[in-house]
Amino acid sequence: MFSTGTLRSRAAVPPWEYDEGVNLTIDLDREEDGRWIAEALELPGVMCYGQTRDEAISNAERLAIEIIADRIAHGELPSSALGVAFAIPDEQMARQ
């Protein structure tokens with residue numbers, strides 16, 4: 001599920017220049033205590049912990065969607081931005 005659009009800096013690109021959706025990259029890391037942290041790189045502040053990789057990814061995806069929906073509600077993004085696609089780079093997927 002990959003759409004053709006990308007989320008760009010709100011200051012640099014007026015909202016009407018977004019195309020069909022938003023692509024977000026999930027970055028994963030494991031903390032020393034064993035918890036996983038997932039971050040949506042294109043949305044500053046979207047960083048979530050989980051006891052497992054899948055939980056961390058799910059939490060980050062859910063938060064990203066909530067933020068995008070809030071921006072749509074406030075007129076900062078068009079409704080087409082709710083077509084969100086998440087990608088985890090191959091090197092991140094290989095990490096266990």
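Residues are numbered from 1 along each chain as its sequence is written, and side-chain values use heavy atoms, with hydrogens and water left out. Because the model is predicted, local features need pLDDT of at least 70 and side-chain atom pairs count only at pLDDT 80 or more, while totals for chains, interfaces and linings use all residues.

**Exercise 1. Describe the order of the secondary structure elements and the overall burial of the chain.**

Step 1. Take helices (H or I, at least four residues) and strands (E, at least two) as DSSP runs, numbered from the N terminus. The chain then has 2 helices and 4 strands.

Step 2. Along the sequence these elements follow the pattern β-β-β-α-β-α.

Step 3. Call a residue buried under 20% relative accessible area, exposed over 50% and partly exposed in between (1.4 Å probe, protein chains only). On that scale, 33% of the 96 residues are buried.

Step 4. Compute the accessible surface by the Shrake-Rupley method with a 1.4 Å probe; for residues, only the protein chains shown count as cover. The total for the chain is about 5700 Å², and carbon and sulfur atoms account for 52% of that.

Step 5. Count contacts (heavy atoms within 4.5 Å). Of the contacts between residues at least 6 apart in sequence, 40% join residues at least 24 apart.

**Exercise 2. Work out which strands pair with β1 and β2, and in what sense.**

Step 1. Two strands pair if DSSP finds at least two bridges between them.

Step 2. Begin with β1 (residues 22-30) and β4 (residues 84-87), which run parallel and are joined by 4 bridges. In this pairing T25 stands opposite A87.

Step 3. Turn to β1 and β2 (residues 36-40), which are antiparallel over 5 bridges. Here I26 has A40 as its bridge partner, and D27 has E39.

Step 4. Inspect the connection: β1 and β2 form a hairpin with 5 residues between the strands, and G34 in its turn has a positive phi of about 100 degrees.

Step 5. Continue to β3 (residues 47-50), which is antiparallel to β2 and joined to it by 4 bridges. One of the bridge pairs is I37 with Y49. The hairpin of β2 and β3 has 6 residues between the strands, with G45 at a positive phi near 95 degrees.

**Exercise 3. Why is β2 largely enclosed by the rest of the structure?**

Step 1. Recall that β2 pairs with β1 and also with β3.

Step 2. Check burial residue by residue: 4 of the 5 residues of β2 are buried, so the strand is largely enclosed.

**Exercise 4. Find the interactions made by charged side chains and rings.**

Step 1. Side chains of opposite charge can pair when their charged atoms come close. A salt bridge is a side-chain nitrogen of Lys or Arg within 4 Å of a carboxyl oxygen of Asp or Glu, and this rule gives a count of 1.

Step 2. The partners are D33 and R35, with their closest N and O atoms 2.9 Å apart. D33 is exposed at 52% relative accessible area, whereas R35 is partly exposed at 27%.

Step 3. Next, look for a charge over a ring (NZ of Lys or CZ of Arg within 6 Å of the ring centre and within 35 degrees of the ring normal). R35 lies over the face of Y49, 3.9 Å from the ring centre. The charged end of R53 sits over the ring of W36, 5.7 Å from its centre.
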